[in-house]
Amino acid sequence: MITSRNIIIFFSVIILLTQSACNALKPKKVSAKDFPPDPRQRVKKNIEEGKGFRLFDGKGAGTTYDFASSNPLWQATLDTLDFMPLVSANYSGGIVITDWYSENNSPNESVKISVRFLTNEIRSDALDINVFLKKCSQNLTNCSISKNNNDLVANLNLNILKKASKYQKNMLEKRKKENPYPMGQMKSGKGRKKD
(Lines give C-alpha, C1' and ligand atoms only; values in the text may rest on other atoms or scores of the structure.)
Protein backbone atom coordinates (compact mmCIF):
# COMPACT_ATOMS: atom_id res chain seq x y z
CA MET A 1 0.00 0.00 0.00
CA ILE A 2 1.27 3.46 -0.94
CA THR A 3 1.46 5.83 1.94
CA SER A 4 1.55 9.57 1.95
CA ARG A 5 5.11 9.41 3.22
CA ASN A 6 6.20 7.45 0.15
CA ILE A 7 4.47 9.96 -2.16
CA ILE A 8 6.27 12.88 -0.49
CA ILE A 9 9.65 11.12 -0.79
CA PHE A 10 8.95 10.30 -4.45
CA PHE A 11 8.11 13.92 -5.36
CA SER A 12 11.08 15.20 -3.35
CA VAL A 13 13.45 12.98 -5.32
CA ILE A 14 11.88 14.13 -8.62
CA ILE A 15 12.22 17.79 -7.65
CA LEU A 16 15.85 17.35 -6.58
CA LEU A 17 16.71 15.60 -9.84
CA THR A 18 15.12 18.30 -11.98
CA GLN A 19 16.79 21.07 -9.98
CA SER A 20 20.26 19.58 -10.13
CA ALA A 21 20.00 19.05 -13.89
CA CYS A 22 19.00 22.59 -14.58
CA ASN A 23 21.90 25.05 -14.89
CA ALA A 24 19.55 27.96 -15.50
CA LEU A 25 18.48 27.93 -11.88
CA LYS A 26 22.02 28.04 -10.57
CA PRO A 27 23.17 31.57 -9.78
CA LYS A 28 26.05 32.84 -11.89
CA LYS A 29 29.07 34.37 -10.28
CA VAL A 30 29.17 38.02 -11.29
CA SER A 31 31.99 40.47 -10.86
CA ALA A 32 31.51 44.23 -10.76
CA LYS A 33 34.52 44.47 -13.08
CA ASP A 34 32.41 42.97 -15.88
CA PHE A 35 30.00 45.92 -15.86
CA PRO A 36 31.14 49.45 -16.69
CA PRO A 37 30.26 52.07 -14.07
CA ASP A 38 28.99 54.56 -16.68
CA PRO A 39 25.29 53.94 -17.45
CA ARG A 40 25.77 54.84 -21.12
CA GLN A 41 28.47 52.21 -21.45
CA ARG A 42 26.18 49.63 -19.80
CA VAL A 43 23.38 50.55 -22.20
CA LYS A 44 25.76 50.24 -25.15
CA LYS A 45 27.02 46.86 -23.95
CA ASN A 46 23.50 45.54 -23.35
CA ILE A 47 22.30 46.68 -26.76
CA GLU A 48 25.33 45.13 -28.46
CA GLU A 49 24.61 41.85 -26.66
CA GLY A 50 20.94 42.03 -27.59
CA LYS A 51 19.76 42.39 -24.00
CA GLY A 52 18.29 45.88 -24.16
CA PHE A 53 14.80 47.02 -24.96
CA ARG A 54 12.77 50.15 -24.36
CA LEU A 55 9.25 50.76 -23.29
CA PHE A 56 7.58 53.88 -24.63
CA ASP A 57 10.02 54.98 -27.31
CA GLY A 58 9.09 58.61 -26.66
CA LYS A 59 6.21 58.26 -29.10
CA GLY A 60 3.31 57.13 -27.00
CA ALA A 61 0.06 56.18 -28.58
CA GLY A 62 -2.76 58.20 -27.12
CA THR A 63 -2.75 61.57 -25.45
CA THR A 64 0.56 63.27 -24.98
CA TYR A 65 1.12 66.37 -22.91
CA ASP A 66 4.13 68.43 -23.85
CA PHE A 67 5.17 70.71 -21.04
CA ALA A 68 5.69 74.33 -21.89
CA SER A 69 9.45 74.08 -21.43
CA SER A 70 9.70 71.33 -24.04
CA ASN A 71 7.35 72.86 -26.60
CA PRO A 72 9.44 74.81 -29.13
CA LEU A 73 6.42 76.65 -30.56
CA TRP A 74 5.44 77.91 -27.12
CA GLN A 75 9.02 78.95 -26.29
CA ALA A 76 9.42 80.75 -29.62
CA THR A 77 6.17 82.66 -29.11
CA LEU A 78 7.16 83.86 -25.64
CA ASP A 79 10.64 84.80 -26.84
CA THR A 80 9.24 86.74 -29.78
CA LEU A 81 6.80 88.67 -27.59
CA ASP A 82 9.14 89.14 -24.63
CA PHE A 83 9.36 92.92 -25.15
CA MET A 84 5.62 93.26 -24.44
CA PRO A 85 3.92 92.82 -21.07
CA LEU A 86 1.71 89.72 -20.95
CA VAL A 87 -1.85 89.69 -19.65
CA SER A 88 -2.28 85.95 -20.03
CA ALA A 89 -0.02 83.07 -20.99
CA ASN A 90 -2.04 79.89 -20.56
CA TYR A 91 -0.26 76.83 -21.88
CA SER A 92 -3.09 74.39 -21.22
CA GLY A 93 -5.55 76.75 -22.95
CA GLY A 94 -3.11 77.38 -25.78
CA ILE A 95 -3.25 81.15 -25.77
CA VAL A 96 -0.93 84.10 -25.18
CA ILE A 97 -2.37 87.61 -24.83
CA THR A 98 -0.24 90.70 -24.42
CA ASP A 99 -1.22 93.92 -22.73
CA TRP A 100 -1.55 97.14 -24.69
CA TYR A 101 1.91 98.26 -25.73
CA SER A 102 3.02 101.61 -27.06
CA GLU A 103 6.42 103.05 -27.61
CA ASN A 104 7.43 106.24 -25.85
CA ASN A 105 7.34 108.37 -28.96
CA SER A 106 3.71 107.48 -29.82
CA PRO A 107 1.53 107.27 -26.69
CA ASN A 108 -1.65 107.74 -28.76
CA GLU A 109 -1.19 104.42 -30.54
CA SER A 110 -0.86 101.07 -28.85
CA VAL A 111 -0.83 97.47 -29.98
CA LYS A 112 -2.19 94.29 -28.42
CA ILE A 113 -1.37 90.81 -29.75
CA SER A 114 -3.13 87.51 -29.12
CA VAL A 115 -1.67 84.20 -30.23
CA ARG A 116 -3.81 81.07 -30.17
CA PHE A 117 -2.17 77.67 -30.68
CA LEU A 118 -4.09 75.41 -33.05
CA THR A 119 -1.50 72.60 -32.87
CA ASN A 120 1.88 71.89 -31.27
CA GLU A 121 3.39 71.00 -34.64
CA ILE A 122 5.62 73.55 -36.30
CA ARG A 123 3.75 74.42 -39.47
CA SER A 124 2.34 77.50 -41.15
CA ASP A 125 -1.23 77.03 -39.87
CA ALA A 126 -0.24 76.24 -36.28
CA LEU A 127 -0.93 79.73 -34.93
CA ASP A 128 -3.88 82.09 -35.06
CA ILE A 129 -2.37 85.54 -34.53
CA ASN A 130 -4.46 88.68 -34.09
CA VAL A 131 -3.06 92.17 -33.81
CA PHE A 132 -5.28 94.91 -32.38
CA LEU A 133 -4.44 98.56 -32.92
CA LYS A 134 -5.77 101.20 -30.53
CA LYS A 135 -5.72 104.82 -31.68
CA CYS A 136 -6.64 107.55 -29.28
CA SER A 137 -7.13 111.29 -29.61
CA GLN A 138 -4.53 113.74 -28.31
CA ASN A 139 -6.11 113.91 -24.84
CA LEU A 140 -6.38 110.04 -24.75
CA THR A 141 -10.15 110.09 -24.23
CA ASN A 142 -11.62 108.94 -27.53
CA CYS A 143 -10.08 105.64 -28.57
CA SER A 144 -10.89 103.34 -31.43
CA ILE A 145 -9.76 99.72 -31.63
CA SER A 146 -9.32 97.93 -34.93
CA LYS A 147 -8.17 94.45 -35.82
CA ASN A 148 -5.08 94.80 -37.91
CA ASN A 149 -4.14 91.53 -39.64
CA ASN A 150 -1.62 92.45 -42.27
CA ASP A 151 2.14 92.32 -42.70
CA LEU A 152 2.74 92.41 -38.94
CA VAL A 153 0.83 89.12 -38.50
CA ALA A 154 2.79 87.49 -41.33
CA ASN A 155 6.10 88.73 -39.90
CA LEU A 156 5.21 87.53 -36.38
CA ASN A 157 4.14 84.13 -37.70
CA LEU A 158 7.32 83.73 -39.75
CA ASN A 159 9.55 84.86 -36.88
CA ILE A 160 7.89 82.48 -34.39
CA LEU A 161 8.07 79.52 -36.78
CA LYS A 162 11.76 80.16 -37.54
CA LYS A 163 12.62 80.31 -33.84
CA ALA A 164 10.51 77.23 -33.10
CA SER A 165 12.22 75.15 -35.78
CA LYS A 166 15.62 76.28 -34.45
CA TYR A 167 14.60 75.33 -30.89
CA GLN A 168 13.29 71.96 -32.05
CA LYS A 169 16.51 71.22 -33.91
CA ASN A 170 18.57 72.10 -30.82
CA MET A 171 16.30 69.97 -28.62
CA LEU A 172 16.66 66.94 -30.94
CA GLU A 173 20.45 67.33 -31.05
CA LYS A 174 20.52 67.49 -27.24
CA ARG A 175 18.41 64.32 -26.98
CA LYS A 176 20.72 62.52 -29.41
CA LYS A 177 23.73 63.49 -27.29
CA GLU A 178 22.03 62.34 -24.08
CA ASN A 179 20.83 59.08 -25.61
CA PRO A 180 23.06 58.01 -28.51
CA TYR A 181 21.52 54.52 -28.77
CA PRO A 182 17.88 54.92 -29.81
CA MET A 183 15.97 51.76 -30.60
CA GLY A 184 13.53 51.65 -33.49
CA GLN A 185 9.87 50.95 -32.99
CA MET A 186 8.82 47.34 -33.38
CA LYS A 187 6.15 46.66 -35.94
CA SER A 188 4.14 43.47 -36.05
CA GLY A 189 5.90 40.79 -38.06
CA LYS A 190 8.96 42.94 -38.73
CA GLY A 191 12.26 43.50 -37.07
CA ARG A 192 13.73 46.68 -35.73
CA LYS A 193 13.41 49.73 -37.92
CA LYS A 194 16.78 50.62 -39.42
CA ASP A 195 17.91 54.22 -39.69
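Two strands count as paired here if DSSP finds at least two bridges between them. With that in hand, hello everyone, and let's look at the sheet. Please keep in mind that this is a predicted model.

Five strands build an open sheet, in the order β1-β2-β3-β4-β5, with antiparallel pairing. At the edges sit β1, residues 86–90, and β5, residues 143–147, each pairing on one side only. From one strand to the next, the twist averages 10°.

Let's zoom in on one pair. Strand β2, residues 95–98, meets β3, residues 109–117, in the antiparallel sense over three bridges.

Now, what lies across β3 and β4? That is helix α4, residues 151–178. The helix runs at about 140° to β4, which spans residues 127–136.

Stepping back to the whole chain, we have four helices and five strands. Read along the sequence, the pattern is α-α-α-β-β-β-β-β-α.

Let's go to the other end of that pattern, to helix α1, residues 4–20, where you'll find F11. Together with I7, F10 and I14, F11 makes a nonpolar surface patch of about 390 Å².

A few totals before I hand over. The chain has 195 residues, and 18% of them count as buried. Its accessible surface comes to about 15100 Å², with 54% belonging to carbon and sulfur atoms. And of the contacts with a separation of 6 or more, 41% are between residues 24 or more positions apart.

Technical notes
Residues are numbered from 1 along each chain as its sequence is written. This is a predicted model: local features need pLDDT of at least 70, side-chain atom pairs count only at pLDDT 80 or more; totals for chains, interfaces and linings use all residues. Side-chain values use heavy atoms; hydrogens and water are left out. Patches are made of residues with over 30% relative accessible area and no salt bridge: like charges are joined within 9 Å, nonpolar side chains (Val, Leu, Ile, Met, Phe, Trp, Tyr) within 5 Å. Accessible areas come from the Shrake-Rupley method with a 1.4 Å probe; for residues, only the protein chains shown count as cover. A salt bridge is a side-chain nitrogen of Lys or Arg within 4 Å of a carboxyl oxygen of Asp or Glu. Helices (H or I, at least four residues) and strands (E, at least two) are DSSP runs, numbered from the N terminus. Buried means under 20% relative accessible area, exposed over 50%, partly exposed in between (1.4 Å probe, protein chains only). Contact means heavy atoms within 4.5 Å. Axes are lines fitted to C-alpha atoms, for helices over the stretch in contact, and angles run from 0 to 180 degrees between N-to-C directions.
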